[in-house]
Amino acid sequence: MEQTQNTEHFVKLLTEHQNRLYGYIYSLLGDRSRSADVVQETNLVLWRKFAEFDPQRPFLPWAFSIARFQVLAHLRDHKRDRMLLNEELVQTLAEETEREAERLGSFQTALRQCLQQLPESHQSLIKQRYFKSQPVSDIAETLNRSAGTVKVSLLRIRRQLAECVEKRLVGGSNG
């Protein structure tokens, strides 16, 4: 049963991050057709390496590192083509992109944890405004409050979330 859940989780993550994988590979190759080919190869390698996937760790940095090796293999196999970037430049670009993805993953994890610590009413307000993209005026009407009051509440909650996320990222604190 757990294996099935892990497989489903893996497939969900792989599907969810296809556009980012393509964008990452395209940023390294600069050619749509070649990028699409390398994305397919990367998907195959990711699937073959499924047993190495740790669901407790961020998916995207792991997938990017595999994609980087696929890009390098593609460059090696097509060295005679002068239009491709050199491997050193690809390596540098890939490392920077992977660091950014890891920072984004850490930020998202911290934000998720901080959101869970908010009172239910604040969570609801954040979800209505930012997850469901409801206009402030509609939220205010539903809550029987003025739009100004809702805006001030959202500002305070965002500040609280920013402080919590910063604490978590800097010190690994519980917020």
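Reader: In what order do the elements of the chain run from the N terminus on?

Author: The order is α-α-α-α-α-α-α-α, and the chain has eight helices and zero strands. Helices (H or I, at least four residues) and strands (E, at least two) are DSSP runs, numbered from the N terminus. This is a predicted model, in which local features need pLDDT of at least 70 and side-chain atom pairs count only at pLDDT 80 or more, while totals for chains, interfaces and linings use all residues. Residues are numbered from 1 along each chain as its sequence is written, and side-chain values use heavy atoms, with hydrogens and water left out.

Reader: Why is Ala147 called partly exposed?

Author: Buried means under 20% relative accessible area, exposed over 50%, and partly exposed in between (1.4 Å probe, protein chains only). Ala147 has 31% relative accessibility and therefore counts as partly exposed. This residue is found in helix 8 (residues 147-171).

Reader: Which residues does Ala147 contact, leaving aside its neighbours within four places in sequence?

Author: Ala147 is in contact with Val136 and Ala140, where contact means heavy atoms within 4.5 Å. As for Gln128, 19 residues apart from Ala147 along the chain, the C-alpha atoms of the two are separated by 14 Å.

Reader: What makes a set of residues a nonpolar core?

Author: The residues must be buried Ala, Val, Leu, Ile, Met, Phe, Trp, Tyr or Cys, joined through side-chain atoms within 4.5 Å. The largest such core has 26 residues, and those with the most contacts inside it are Phe10, Ile25, Leu46 and Phe59. Two or more residues come from each of helix 1 (2-16), helix 2 (18-29), helix 3 (32-48), helix 4 (59-77) and helix 5 (87-117). Helix 4 gives the most, with ten residues. Apart from this core lies another, of 15 residues, among them Ile126, Ala140, Ile157 and Val165.

Reader: Which residues does Phe10 touch, not counting those up to four places away in sequence?

Author: Phe10 touches Leu46, Trp47, Phe50, Phe53, Phe59 and Trp62.

Reader: What share of the 175 residues is buried?

Author: Buried residues make up 34% of the chain.
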